[in-house]
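Welcome! Let's explore this protein together, one question at a time.

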Amino acid sequence: MSTILHIDASIRAANNPNPNHNSISKNIAHHFIQSWKKQFAIDEYIYRDVGMNPPPFITQEWMGAAFTPEQKRSAEQQQILGLSDQLIAEIVAAELIIISSPMYNYGMPAQLKAWFDQIARVNKTFDFDLSRGDFPLQPTLSGKTLVIISSSGEFGFEKGGIREQMSHLVPHLHTVSKYLGVDKIYEIASEYQEFADDRHRQSVEHAYAKAEQLAIALSHELNHLNEPKAVAIP
């Protein structure tokens, strides 16, 4: 069994009348999925385009409902948390999570941040215990793999790069990935979009190639892990 949760965050469609406006991150992510399908079927594929269909921002009422004990919530509070409950259930079900996102103003799109705010829930994706001292928050999920597919107009956002200190997309995703139960992270990046030169074309080609290679490797790894184990009968 393989369950994949795929989150796209670009506000652009994958295919537009003007191909120059196609979302790079979405197309690389979709190439990853198609490369996986050439190796193994996906038993459950959960897809959300939060860029085109963003979840609502959390509100004071949402916060009040989230911190009210479940058995004491009103019908209205249960309704307020309905989407959050559904999004969390999708994370719980997934073994592999793919997040594709452009870098907007050096960080994640507001739509993707809204999705994270909906799934960061006390007693759902983390618990809180002051007896732990200065680190009272602890994730409640584990064992998942995350693939981050990013695109940016500039370049050099990697560790040691000339814009490392300006990178607030991938580092932010690393930090909040604990709420997803992520133990292992892979990164695929496309850069130089604003330059529209050979460096950009090479970067996109490399990202597509890496997406294909990683999809093949992870599909074999995940399906082998899920193979039924033989039981010796004495």
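## Strands, helices and the sheet

In β7, Ser 190 is the bridge partner of Ser 151. This is a predicted model, in which local features need pLDDT of at least 70 and side-chain atom pairs count only at pLDDT 80 or more, while totals for chains, interfaces and linings use all residues. Residues are numbered from 1 along each chain as its sequence is written, and side-chain values use heavy atoms, with hydrogens and water left out.

Q: How many bridges join β6 to β7?
A: Helices (H or I, at least four residues) and strands (E, at least two) are DSSP runs, numbered from the N terminus. Two strands pair if DSSP finds at least two bridges between them. β6 and β7 run parallel, and the number of bridges joining them is 8.

Q: What is the order of the strands in the open sheet?
A: The sheet has 5 strands with parallel pairing. Its edge strands, each pairing on one side only, are β2 (44–49) and β7 (182–190). The order is β2-β1-β3-β6-β7.

Q: What angle does the direction of helix α4 make with that of β2?
A: Helix α4 (residues 82–93) packs on the sheet and touches β1, β2, β3 (96–102) and β6 (144–151). Touching here rests on contact, meaning heavy atoms within 4.5 Å. Axes are lines fitted to C-alpha atoms, for helices over the stretch in contact, and angles run from 0 to 180 degrees between N-to-C directions. For α4 and β2 the angle is about 135 degrees.

Q: Why is β6 largely enclosed by the rest of the structure?
A: Buried means under 20% relative accessible area, exposed over 50%, and partly exposed in between (1.4 Å probe, protein chains only). Lys 144, Leu 146, Ile 148 and Ser 150 point one way from β6, Thr 145, Val 147, Ile 149 and Ser 151 point the other way, and all are buried. β6 is largely enclosed because its buried residues number 8 of the 8.

Q: Which residue in β6 does Leu 96 stand opposite?
A: β3 and β6 run parallel, joined by 7 bridges. The residue in β6 opposite Leu 96 is Thr 145.

Q: What percentage of the 234 residues in the protein is buried?
A: The protein has 7 helices and 7 strands. Of its 234 residues, the buried ones make up 45%.
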